[in-house]
Amino acid sequence: MKYSLASSTWDEKEKNAMLEVIETGMYTMGEKVKSYEEKFANYFGSKYAVMVNSGSSANLLATAALFYRKNNALKPGDEVIVPAVSWSTTYHPLQQYNLHLKFVDIDLDTLNYDLEALKNAVTEKTRMILAVNLLGNSNDFDEISKIIGDRDIILLEDNCESMDSEFNGIKTGTFGLMGTFSSFFSHHISTMEGGMVVTDDEELYHIMLSMRSHGWTRHLPDQNMVTGKKSNDPFEESFKFVLPGYNLRPGELHGAVGIEQLKKLPRLIEQRRKNAQIFQKLFSDHPYLRIQKEVGASSWFGFSMVLKDNAPYSRNEFVELLNQHEIECRPIVSGNFLKNPVLKHYDYSVGGVVKNAEIIDQKGLFVGNHHYDLKEQLMHLKSVL
């Protein structure tokens with residue numbers, strides 16, 4: 001039995017939505033993307049949503065926007081606290097904007113911040129905390145809020161692996177000043193490539209509208225918080241550049257598919273949670289394996305497993321065992337990101353010791369979760385281990 005890491009969530013609805021776009025002959029960003037953004041913002045309870053071409057671009061755009069606020073903008077050298085385990089493009093935009101990264105250890109059970117380590121890492125220099133909700137699991141935002149207290153610290157969320165997870169009944173991705181999402185193929189919904197930034201801050205929303213599209217004014221409202229009132233002359237505004245932006249735009253095909261995928265999201269998550277109940281029942285008391293401890297209501301991106309010290313096999317042997325039985329697996333995101341050669345290009349420090357990130361790096365992996373019943377696959381996994 002093959003147990004794959006990811007699978008398609010598309011059917012005729014997505015194909016028909018794409019055909020509808022193709023028949024118009026208009027593929028560049030337009031009404032479908034706008035409609036998807038409005039529906040996405042409404043679903044997640046945010047005022048604004050900006051679609052981009054990937055979750056990595058969402059992180060880049062959110063970071064960039066913070067440098068162009070009129071008040072309290074970030075500046076090069078500012079300190080940002082990050083967890084030691086996450087995807088590369090959680091970190092790269094911070095490096096590209098010359099921020100100082102302070103890496104903090106993660107909790108071996110939740111795989112998110114070690115809250116005591118986070119508390120100890122915060123100083124008067126801290127300008128921002130980047131909270132990453134890993135593998136569908138929420139951070140404890142009550143505790144993070146207490147750690148921030150009345151300090152002027154920005155909370156930003158990388159929610160690319162945790163679409164539709166909740167903490168205290170509130171969607172993750174909406175606790176911070178901005179939250180980022182991914183709709184890459186292997187994620188909870190898929191728009192082929194695609195990402196989103198949500199925020200309740202109107203100024204950041206307007207900055208992102210401009211920076212997503214070359215830094216021009218064309219997509220800004222007539223009255224906006226970047227330029228004030230735009231000219232009534234469309235010709236004058238067509239190639240007017242006001243911010244050092246990018247081209248991070250999605251196409252209409254991505255927006256059209258996103259509308260259909262968003263309709264399915266509650267059902268997709270419901271099945272993922274049913275699969276998680278089976279996984280937890282099978283592995284929560286396993287003698288050799290530690291599984292992720294759920295915080296709030298996880299959307300279960302995948303199922304992590306970390307070898308305990310008494311395990312009879314190494315991680316390499318563990319991987320080989322799964323491969324032999326056609327069970328696909330991957331490292332837990334980057335493992336200990338501090339071990340990657342790219343760090344030579346970073347301005348960074350380490351808050352405390354990252355011993356749990358190292359354990360994840362040496363002894364952890366995850367297998368896939370899907371939108372269909374995985375009982376047979378999970379029983380197969382259990383029989384192998």
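Analyst: Strand 13 (302-307) and strand 16 (364-368) pair in the antiparallel sense over five bridges; two strands pair if DSSP finds at least two bridges between them. Helices (H or I, at least four residues) and strands (E, at least two) are DSSP runs, numbered from the N terminus. This is a predicted model, in which local features need pLDDT of at least 70 and side-chain atom pairs count only at pLDDT 80 or more, while totals for chains, interfaces and linings use all residues. Residues are numbered from 1 along each chain as its sequence is written, and side-chain values use heavy atoms, without hydrogens and water.

Phe303 stands opposite Val367 in strand 16. The open sheet has four strands in the order 12-13-16-14, with antiparallel pairing. Its edges are strand 12 (289-291) and strand 14 (329-330), each pairing on one side only. Helix 9 packs on this sheet and touches strand 12 and strand 13 (contact means heavy atoms within 4.5 Å). The direction of helix 9 makes about 15 degrees with that of strand 13; axes are lines fitted to C-alpha atoms, for helices over the stretch in contact, and angles run from 0 to 180 degrees between N-to-C directions.

Helix 12 (residues 375-384) has Gln377, Leu378, His380, Leu381 and Val384 buried (under 20% relative accessible area, 1.4 Å probe, protein chains only; exposed is over 50%). Seen down the axis, these buried residues fall within an arc of 155 degrees, so they line one face of helix 12; the arc is that of the directions from the helix axis to the C-beta atoms. On the other side, Glu376 and Ser383 are exposed. The cover over the buried residues of helix 12 includes helix 9, strand 13 and strand 16.
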